[in-house]
Each structure stands twice: as structure tokens, then as C-alpha cells.
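Trainee: Could we go through this structure together? I would like to learn what stands behind the terms.
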Amino acid sequence: MAALLGAGLLVGLTTSCSSSSPTREYAVPSDVCGTHMARSLLEPLLPPGEKVGAQPTSSVGVKRCRMLVDGKVALSTSVEKHDANTSAGDVASSAYGVEPADTRADGGHTIYSKTGAVSLVECPGSASANSTVWATVRTSHDVEASLVRDFVNGYATAVGKSEACRALTNQDHA
């Protein structure tokens, strides 16, 4: 009887140990709503799941992107136009997932945490010296803070090279 009970327990343990952890069944996109990104920067911020999609929205002075995994928002980004004297702390105070007192980098132009970040976007050749452009990111789950920082810096660089940067700086400030 004890042998039978032990065998049953062993089968139960083997079954529970062999159940796989969640996996990523989708291909990591190479862009965030049209802004080309290195997959290696985006991948750590997206959770396991079956399907990934993107929902872009925009209004005057703001372009947003929600990355969905299995229909749930996993990552949100924005590219926002602000006044020229806006600081990273100012942007962080109104962004979700990051606070003005969180870790700073890049001479104070980036603030990041394990759930969000803000970073100044360098827009070469912009028509307006009266504004700045900022990139923000927020995750729906905790991620290693350095990975969030790497993503927002890569995203800010990609936005700076895109048409979106010039388009935002040429719009009337919202």
C-alpha cells in the first residue's frame, strides 16, 4: 500500500513539474506602432502569450501606442510635445509607472523605474525651438528597471530619427 501511495505521489510530482511555464507564442514585433525598434529592446517588456497587437492613437501634441498581448495592454508608449523648459521630472510627474524621484540617467534627461520611464527625444532639424519632445513607456508588469531604461532610450532615439519627431514639433502646442 505504501509503495502504491509513493508511486502515485511520484506521478503527481512528475506531472506538476513537467507543466511548462507560460511561453511566448507570437513573434516580437520590430516596431511600436510604426516606429522601428530593435526586437531585443522590446522583447523583455512583453509578457508570454499567444498573440500580440498594437493600437495607435494620436491627438494634437501626443502620439500613443498600446501593445496588447492576448487582448490585454502589456506596454504603452507615448511621444509628447511639451514646452521648451519642460524637465524630465515634469514629464514623470504626469506619466504612469514612473515618479520624478525615480532613478535618473543621461544627465537627467531620462527617469526610469521597473514599470515606466521618460526620456528626452532629440529631434534634429525641428522647426520649433519653443518645444521639446518626450518619449514615455509604461509596462503592465514589473520589469528589470535597466531594461525599461534601455527600451525608452532606444525608443527616444528611434522617434528622433522618424518623421513623427518633426511632425510633432511643427504642430501647435496642445
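Mentor: Gladly! Let us start with a definition: a salt bridge is a side-chain nitrogen of Lys or Arg within 4 Å of a carboxyl oxygen of Asp or Glu. Keep in mind that this is a predicted model, where local features need pLDDT of at least 70, side-chain atom pairs count only at pLDDT 80 or more, and totals for chains, interfaces and linings use all residues. Residues are numbered from 1 along each chain as its sequence is written, and side-chain values use heavy atoms, with hydrogens and water left out.

Trainee: What makes Asp-142 and Lys-114 a salt bridge?

Mentor: Their closest N and O atoms are 3.5 Å apart, and the rule asks for within 4 Å. By this rule the count comes to 4 salt bridges.

Trainee: Why is Lys-114 called partly exposed?

Mentor: Buried means under 20% relative accessible area, exposed over 50%, and partly exposed in between (1.4 Å probe, protein chains only). Lys-114 has 45% relative accessibility, so Lys-114 counts as partly exposed.

Trainee: What makes Phe-151 and Tyr-155 a stacked aromatic pair?

Mentor: Rings of Phe, Tyr and Trp (its six-membered ring) pair if their centres lie within 6.5 Å; planes under 30 degrees apart count as stacked, over 60 as edge-to-face and the rest as tilted. The structure holds 1 aromatic pair. Phe-151 and Tyr-155 are 5.6 Å apart, centre to centre, with 15 degrees between the planes, and the pair is stacked.

Trainee: And why does Phe-151 count as buried?

Mentor: Phe-151 has 0% relative accessibility, so Phe-151 counts as buried. Tyr-155 is buried too, because its relative accessible area is 3%.
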